[in-house]
Structures are given as structure tokens and as C-alpha cells.
Amino acid sequence: MLIPWPYPDEGASHPQPPGPSPHDEDGRLAALVAQRLSSDWTTRRQQIVVTVQNRVVILAGIVAGPDTRRVAGEIAWDVEGVVDVCNALRLADSRRFRR
């Protein structure tokens, strides 16, 4: 979630509309996606970072395999309010684990 730096005169002449701000919604969506990823047996032990900007979920990090990457994207899409998912998850390099 990005938080913009306000201009000095911002707020006085530009009152915020009633209701939750877009930043509150992004934070709520990020928390929901992260919670669901941590509770799913496929994704819970993976290195996944969840970022949300304008209701677009960005998944970054390293996962064990292509199935885990796919499941993480599906979980993010299933959260109500998400308008798009950028699945930037990378697969762990299995060659580093061989001896």
C-alpha cells in the first residue's frame, strides 16, 4: 500500500469524501489476501509478499513450484473487492538444493 505525501495546503481546500479512503480499502484487501494465503496449506509456508494498490493485488516472493504460484493467484482473485492480480511470484531454484 502506498501512502502519498500530502502537499502543505492539501486538506484545507480539499475535504475528504465521507466513507473509507482508498488506502483503507487497499490495506483491508492486503490483510484479507495475506490471511487467506497463510491459512491455505499450499501457500502458508511460502515467502509471499502481498501489496495492494488501487485494489490491484501484487504478489511477490519465492514459492516452491508452479502449482503453489497458481493457487496463490487464485486465492487473491477470490477476495471480494480485488479488481486485478499481478502474480510476480518466482519459483525457487531447485538446482540450489541438489548436492
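Visitor: Which pattern does the protein chain follow when read along the sequence?
Guide: First, this is a predicted model, in which local features need pLDDT of at least 70, side-chain atom pairs count only at pLDDT 80 or more, and totals for chains, interfaces and linings use all residues. Residues are numbered from 1 along each chain as its sequence is written, and side-chain values use heavy atoms, with hydrogens and water left out. The protein chain has two helices and three strands, taken as DSSP runs numbered from the N terminus (H or I over at least four residues for helices, E over at least two for strands). Along the sequence they give the pattern α-β-β-α-β.

Visitor: In what order do the three strands form the open sheet?
Guide: Two strands pair if DSSP finds at least two bridges between them. Here the pairing is mixed, with β1 and β2 antiparallel and β2 and β3 parallel. The order in this open sheet is β1-β2-β3.

Visitor: Why is one side of β1 and of β3 left without a neighbour in the sheet?
Guide: Look at the edges, where β1 (47-53) and β3 (84-91) stand. One side of each strand has no neighbour, because each has a single partner strand.

Visitor: How many degrees does the twist average from one strand to the next?
Guide: Axes are lines fitted to C-alpha atoms, for helices over the stretch in contact, and angles run from 0 to 180 degrees between N-to-C directions. From one strand to the next, the twist averages 10 degrees.

Visitor: Is N54 buried or exposed?
Guide: N54 sits in the turn of the hairpin that β1 and β2 form with two residues between them. Though not a glycine, N54 has a positive phi of about 55 degrees. Buried means under 20% relative accessible area, exposed over 50%, and partly exposed in between (1.4 Å probe, protein chains only). At 64% relative accessibility, N54 counts as exposed.

Visitor: What value is phi of R55 near?
Guide: R55 is also in the loop between β1 and β2. At 38% relative accessibility, R55 counts as partly exposed. This residue is other than glycine, yet its phi is positive, near 70 degrees.

Visitor: Which element does the chain pass through on its way from β2 to β3?
Guide: β2 and β3 pair in the parallel sense over eight bridges, with I58 opposite C86 in β3. The crossover is right-handed: with the strands pointing away from the viewer, the path from the first strand over the helix to the second runs clockwise. The element passed through is α2.

Visitor: At about what angle does helix α2 run to β3?
Guide: Helix α2 covers residues 66-77 and lies across β1, β2 and β3. Its direction makes an angle to β3 of about 160 degrees.

Visitor: Which residue's backbone oxygen does the side chain of T43 reach?
Guide: T43 is in the loop between α1 (22-39) and β1, and at 2% relative accessibility T43 counts as buried. Beyond four places in sequence, its contacts (heavy atoms within 4.5 Å) include I48, T68, V71 and I75. At 2.6 Å, the T43 side chain reaches the backbone oxygen of L37.

Visitor: How many residues does the largest nonpolar core have?
Guide: A nonpolar core is a set of buried Ala, Val, Leu, Ile, Met, Phe, Trp, Tyr and Cys residues joined through side-chain atoms within 4.5 Å. V33, L37, I48, V50, V57 and L59 have the most contacts inside the largest one. The elements giving two or more residues to this core are α1, β1, β2, α2 and β3.

Visitor: How far apart in space are L91 and I62, C-alpha to C-alpha?
Guide: L91 is in strand β3 and, at 45% relative accessibility, counts as partly exposed. Not counting residues up to four places away in sequence, L91 touches I62, V63, G65, P66 and R69. L91 and I62 are 29 residues apart in sequence, and their C-alpha atoms are apart in space by 5.6 Å.

Conventions: A polar contact is a pair of N or O atoms within 3.5 Å; within protein, one must be able to donate a hydrogen and the other to accept it, and residues adjacent in sequence count only if both atoms are side-chain atoms.
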